[in-house]
Structure formats: C-alpha cells, structure tokens
Amino acid sequence: MLPLSLLVSVIAVPGVSRPTPALHDESHNPPARGAYEVASEFYPVPTLDPTDARVWAVWPVSNTSGEAFPMVSYNHGAGAGGMAILGYTALFEQIASYGVIVIATLSCSLGCSGGQWYGEAYAAEQRKVIEWAQAMAANPPADMPWAATLDFRNGSGIAGHSMGGESTG
C-alpha cells in the first residue's frame, strides 16, 4: 500500500498543470431523439411473478399504416421494479423514439417470490414478457395500440441493467 503522501504527490505533481474539466460542456448534450413520438402504459401480465405482475410498455407512435417495429424485453436492476421502473423513463423513451417497442417487467424488484435473486427465476420473466407480447400481437387488444405494430420476423431483443443485465445471459 502506498503512503497517502506519495499518492497525493503522484496525483498533484508540483509545477504541472492540468486543465480543469468543465462542469457543463455543450459538446456533451444528451443524444438526439429519434423520429418517433412515444407513448407508454402499464399492463397486467398474469404469468409474471406475483411480486408485481405488470409490465411497462413504451412504444413509438406511428402515423403510417402498416408500419411495424421490433421489440426489446427489458429487466430492471435490483430494487428498480414496481414504480421505481420510472427511473428508466429517459432510456426507454430514447429507444422507442428510434422505432423500438420496449416492454419492461416490474416484477422481482427485491428478488422473485421464493426469495430468488438473479439467475433462472428472473431470466424467466423476460421469456414470459416475450410470450405475452407475442400473444397480444396475434390478437391485438384495442387498449394496446403497439401490439398491432409488433414485428417478430427477426425475433426480439433482451436487455437489462445490473441484476436485469445478468439475467439476459
């Protein structure tokens, strides 16, 4: 272990100045939004874990008849299920604005029922979301305008953050 005085002298070398990073730099603006406006809604999915058997769908709004979009099933990180899923609003809306339907599970926020964290129990939630979305696309309900635009010809994507990312692999 280096002594603190040596560590400090390595970081702050006398006579050498470094530029101070700007707290706000115009070149680091958020990425541009895609061409689509977006909409979102929560829906019950009875097959999901009973810790919160709902999904949040965020989709591109199209004014073109017959337009179809791919789908990504998204698993949140630990503690970010339930209404904490709203912390992903900017991410989901950004993805949807480029023409991708995002469907995120709210279940298993602090582990799935039975106390399981990570692993197969949480990975199964993504499969359930995809199966549910396929069923909705086969017979689109009136309150799910995105279901009629789902395009599964090239499969679907899965993604996640932290605990949700671990469940994708």
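Residues are numbered from 1 along each chain as its sequence is written, and side-chain values use heavy atoms, with hydrogens and water left out. Because the model is predicted, local features need pLDDT of at least 70 and side-chain atom pairs count only at pLDDT 80 or more, whereas totals for chains, interfaces and linings use all residues.

Five strands form an open sheet of mixed pairing, in the order S1-S2-S4-S3-S5; strands (E, at least two residues) and helices (H or I, at least four) are DSSP runs numbered from the N terminus, and two strands are taken to pair if DSSP finds at least two bridges between them. The edges are formed by strand S1 (37-44) and strand S5 (157-160), each of which pairs on one side only. From one strand to the next, the twist averages 20°, where axes are lines fitted to C-alpha atoms, for helices over the stretch in contact, and angles run from 0 to 180 degrees between N-to-C directions.

Strand S3 (residues 71-75) pairs with S5 in the parallel sense over four bridges, with Val72 opposite Gly157 and Asn75 opposite Gly160. The pairing of S3 with S4 is likewise parallel and spans four bridges, and here Met71 stands opposite Ile101. S3 is mostly covered, five of its five residues being buried, that is, under 20% relative accessible area, as against over 50% for exposed and in between for partly exposed (1.4 Å probe, protein chains only). In a regular strand the side chains alternate between the two faces of the sheet. In S3, Met71, Ser73 and Asn75 point one way, while Val72 and Tyr74 point the other way.

Helix H2 (residues 89-97) packs on the sheet, where it touches S1, strand S2 (54-61), S3 and strand S4 (101-105), and its direction makes about 40° with that of S2; contact here means heavy atoms within 4.5 Å. Together, S3, H2 and S4 make a right-handed β-α-β unit, the hand being defined by a clockwise path from the first strand over the helix to the second, with the strands pointing away from the viewer. Phe92, Gln94, Ala96 and Ser97 of H2 are buried, and the cover over the buried residues of this helix includes S1, S2, S3 and S4. Just after H2, Gly99 takes a positive phi of about 95°. Helix H3 (residues 119-138) lies across S1, S2, S3, S4 and S5 and runs at about 150° to S3.

Phe152, in the loop between H3 and S5, is partly exposed, with a relative accessible area of 21%. Not counting residues up to four places away in sequence, Phe152 touches Met71, Ile130, Ala133, Gln134 and Ala137; the C-alpha atoms of Phe152 and Met71 are separated by 7.6 Å, although the two residues are 81 residues apart along the chain.

His76, in the loop between S3 and H2, counts as buried at 0% relative accessibility. A polar atom of the His76 side chain lies 2.7 Å from the backbone oxygen of Ser107. Beyond residues up to four places away in sequence, the residues that His76 touches include Ile85, Tyr88, Thr105, Ser107, Cys108, Tyr122, His161 and Met163.

Methods. A polar contact is a pair of N or O atoms within 3.5 Å; within protein, one must be able to donate a hydrogen and the other to accept it, and residues adjacent in sequence count only if both atoms are side-chain atoms.
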